[in-house]
Amino acid sequence: MAALWVRESLSLTIDRIDWHSGADDFPKELAPEAGGTHIGMFITWVLNNNLEGELHKTDSIESVSNVKSRKMTGTEFLIKECDEKFWEDDLNPEGLEFAKYYYESNVYYGDYEKALVTTEPTLYHVQDIWENYDKLSIYIDLAFKKWRESKSKKWWQFWL
């Protein structure tokens, strides 16, 4: 418990399963883990793009490998390795900067809905399957590419 407390005191939480599964509008028919599918898919993308924090490079080596080889979903990783919480220290500096731009600004949620919430009643009904991750990762890849390009522009190139 002390290690978790230290982690909480040094790192801010970006998202948590219980923030969603504990909400009044969370569908009662779904398991609480469904509140983390969108988080897990973003974490999967992070791991596949080597943007994870040092913590996971040293303490979660097997699980990172399992996500990359599709033996474990990002949601399972979130539950097993992150105590159901997506922390700032789950990311390296570039990953954190991108997450603040894309995930925390809710642009990610818009892309998630465009890619995956087609016939489902809510975003929580999206299945945690690799086919859905593959659809979503196209959107995240594009956002990451645009974000990286915007960072490399000079201040006077704002119109490009």
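Reader: Which hand is the crossing of H8 and H9?
Author: Right-handed, meaning that the near helix is turned clockwise from the far one by less than a right angle. The model is predicted, with local features needing pLDDT of at least 70 and side-chain atom pairs pLDDT 80 or more, while totals for chains, interfaces and linings use all residues. Residues are numbered from 1 along each chain, and side-chain values use heavy atoms, without hydrogens and water.

Reader: What angle and axis distance do H8 and H9 have?
Author: Helix H8 (residues 107–116) packs against helix H9 (residues 130–152) at about 135°, with the axes 9 Å apart. Helices here are DSSP runs of H or I, at least four residues, numbered from the N terminus. Axes are lines fitted to C-alpha atoms over the stretch in contact, and angles run from 0 to 180 degrees between N-to-C directions.

Reader: Parallel, perpendicular or oblique?
Author: H8 and H9 are oblique to each other. That class takes what is left after under 35 degrees (roughly parallel), over 145 (roughly antiparallel) and 65 to 115 (roughly perpendicular).

Reader: New topic. How many aromatic pairs are there in the whole structure?
Author: The search finds 22, counting Phe, Tyr and Trp rings (six-membered ring for Trp) with centres within 6.5 Å. In one of them, tryptophan 130 and tyrosine 133 have ring centres 5.8 Å apart and planes at 85°, so the pair is edge-to-face; planes over 60 degrees apart get that label, under 30 stacked, the rest tilted.

Reader: Where do tryptophan 130 and tyrosine 133 lie?
Author: Both are in helix H9, 3 residues apart, about one turn of the helix. Tryptophan 130 and tyrosine 133 are both buried (under 20% relative accessible area with a 1.4 Å probe, protein chains only; exposed is over 50%, partly exposed in between).

Notes. Helix = DSSP H or I, 4+ residues; strand = E, 2+ residues; numbered from the N terminus.
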